[in-house]
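Hi,

Here is the structure I promised to pass on. Have a look at it first, and my notes come after.

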Amino acid sequence: MDAKIRLDHLSFFYGDHQVLEEVSFEVRANEIFGLMGPAQSGKSTLLKVLNRLSDLIPNARVTGSVTLDGEDILAPDYDLVGLRRRVGLVLSKPVPLPRSIFENLVLAPRLSGKGNRAFLEELAETSLKAARLWDEVKDRLHASALNLSGGQQQRLCLARTLAMQPEVILLDEPTSGLDPISTAKIEETLFQLKSNYTIILVSNNTKQIARATDRVAFLLMSKLIEVGETPKVFTEPKDQRTDDYITGRFG
Amino acid sequence: MKKELYIERVLLFLALSSIGSLVTITVFIFWEGIPLIAYTGLKNFLLSSHWAPTRGHFGILAMIISSVLVTIGALVLGVPLGLACAITLAEFAPERVKTLLKPTLELLAGIPSVVYGFLGVIWLVPLIRDYLGGPGLSLLAGSVILGIMILPTVISISIDALSAVPDLYRDGSIALGATNWQTVHRVVLPAAGSGIVTAIILGMGRAIGETMAIIMVAGNALKIPTSILDPVRTLTANIALELGYASGRHREALFATGIVLFIIIMILNLAASAITRRR
Amino acid sequence: MRLDPRLSQVFMKILLWTFTGFTLFILIFIIVNISIKGLPQVTPTFLLQDPLDMGRHGGIFSTIVATVYVTVLAILLASPLGVGSAIYLTEYTREGWVTRLIRFGAECLAGVPSIILGLFGFVLFVMKLGFGWSILSGGLTLAIMVLPIIIRTSEEAIKAVPQEYRQVCYSLGLSKWQTITRIVLPSALPGISTGIMLSVGRSLGETAVLLFTAGAALRTPTSLFDSGRTMAVHFYILAREGISMPNAYGTAAILMISILLINIVAYSLMQHLMKRYS
């Protein structure tokens, strides 16, 4: 199976600070790939490199390569707008834009050229259904998105990403701070999305990783320690540090 | 992508407008005024009090002194009153009074200087003339009007400076048994020090740069004042009064006066910036 | 002998409140005086009639028109420049020598006294560029005067927009300019509009600048190149030449009311925009 995304000796610096050290692994198409590790290991930064949101970090420097379907996305004149439409990102804090629910969903699609009103309405409905938010908001699509609860807002952010019809979905600790029911809903959604998307899930919560991912990479202090099938890594970790992290000896 | 680059260029061009305007203004004022200073010599220009431009005398000493005196007078009046007001409003007044007074202060800050001058002529000048002597149009009148005019500036910036002092400082002092006033004058005021100094410097800048009100109440006489009841002409008044009909060297001299004023104000503003930055 | 701190507190409080009361008295006296003597003058005729006999009789219509023209021109010129500068400063550059230079320029510009601006406008626009005493000269000079205000308030407003909004927009594939125009600027609009209103308020009261750039013609200006007398300039002339006390008071009252109205409009506009975009 050809890798959807391949990282090869990826290192990331901002200023003198090195956040990622020679990280290499593959993410296969249509899998849920987990990225785990204690805080400040570089997981969020790695995600941001994948859609080059990392360019916004002051004094950012990258070495190594990251390929998407074989193309190196770190190339200087790579089409960033196109990249971000193919690789969507959901941040850890739900950030609804100060607009209506509907507007949140169709803002980006409309600006990428899909102006047809009927199409946009259908797109909104499909995305909301995929994110399992449709039933809760179908009667108030034009109400402000700021009035939704935390869990609903996060699902809206997921729907918003889906509305761009990406190929890859990146999620940075999407359920941190959410109640268990919202968390469960999102995890179920990811499972259903798997067949049509490639998903990378960053989480601080080892149990979530164990529940929800097919393969997992363990990042510790900017280095990749271990990568493999989730059940295998959790029952027979190859590295002692992985075992310590999973069993909670540190975290 | 190309469109984005183009947009960035345009915005950069727009952004340079502020520094561009400043440079243009500086260049023009100096360009028009330096020839005159070269003609009379810097010492003569600044240190002679003989101003008779139609006869070739271009000494602005009297006006420099008048500007300085009027500003000092304005500060003597405006700072204590303004500071007292700010302290009272920020530290001792109840919330409701504060919310009422802040918009009032903003409204007052918006009143044009000519209105202040006008009221000064109607109320203040006769008062001075009748009770203190002299023509009424005087250094004193100028100082008082300017002092009143800088009040909104001094008050609101001082209030901001005082409000910026964390409540932690006050609580700490009260917990040690100090009275409110002791807290204010030993803890809060020193902490707000640089902000208050900024307020004073900005007030000073406003006073020195004021033109219309001063013209209306200060008398515009061309001599160095010997008493506060003497009429005086400031640098700003000089420019405004004669620009309408000046030509040739005379006009150059007005620009030269502008140069002096400009330099003084720039120094004040840079001082204020330096102080705020040091916080 | 040290004074009991409670005693000195009482003393200081009395002193402070006296000073404050005195200050407030002066300031309120100003408002009341203008209102009492001036408001009776403010009749529809006063507002709609042109000044007659050099301002001795008649109203102030032509000055109102001149004021509006000059202010609108100044705002039309300064707003794109100011907001554009603010956008560039916050969105397109990092803190560095360029931003510091631009900000330094704006700060210094804000400190230039109005008479110097008047001098500048006079020599550049009226004389060298040949516009003469005109609405154009006045508007251009006024624009330079209010530019720093708009830059400062717009920059603050744009900076206040949460960084996460930008991250979300870029992640969705929006370009920088799309992000700015669709999300950042609308969110910053309340602050920007406040800055513009502040500029309008300052322009209304400005005399020294306009006296030497827009001139003092009493006729209603009909073109950009006509000279015009704004309300503030008219007031100055009436007061200084002692032409007509009642009319002077009336003009002053209108100026004060206009400034009050501007403040109110600014406040409600800000509230309205905040509701719409937040």
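Predicted model: local features only at pLDDT ≥ 70, side-chain atom pairs only at ≥ 80, totals over all residues.

First, the contact between chains B and C. Chain B puts 57 residues into it and chain C puts in 67 residues. On the chain B side, the top contributor is helix α1 (residues 2-40), which supplies 16 residues. If you sort that side of chain B by residue type, you get 38 nonpolar, 15 polar and four charged.

Next, helix α5 of chain B, which covers residues 113-131. Its 19 residues reach 25 Å from first C-alpha to last, close to the 27 Å expected at 1.5 Å a residue. The helix isn't straight, though: α5(B) has a kink of about 45° centred on B:V121. B:V121 is also one of the buried residues of α5(B). The buried set takes in B:S113, B:V114, B:V115, B:Y116, B:G117, B:F118, B:L119 and B:G120 as well, plus B:L124, B:V125 and B:I128. After α5(B) comes B:G133, with a positive phi near 95°.

Finally, chain C. Its secondary structure amounts to eleven helices and two strands, and from the N terminus the order is α-α-β-β-α-α-α-α-α-α-α-α-α. The C-alpha trace of chain C spans about 75 × 65 × 35 Å along its principal axes. Chain C has 278 residues, and 53% of them count as buried. Of the contacts in chain C between residues at least 6 apart in sequence, 76% link residues at least 24 apart.

Cheers

Terms used. Residues numbered from 1 in each chain as written. Chains lettered and ligands numbered in written order. Contact = placed C-beta atoms within 7 Å. Helix = DSSP H or I, 4+ residues; strand = E, 2+ residues; numbered from the N terminus. Nonpolar A, V, L, I, M, F, W, Y, C, P; charged D, E, K, R; others polar. Expected span 1.5 Å × (residues − 1). Bend = angle between axes of the 7 residues up to and from the residue. Buried ≥ 20, exposed ≤ 12 C-beta atoms within 10 Å, placed from the backbone.
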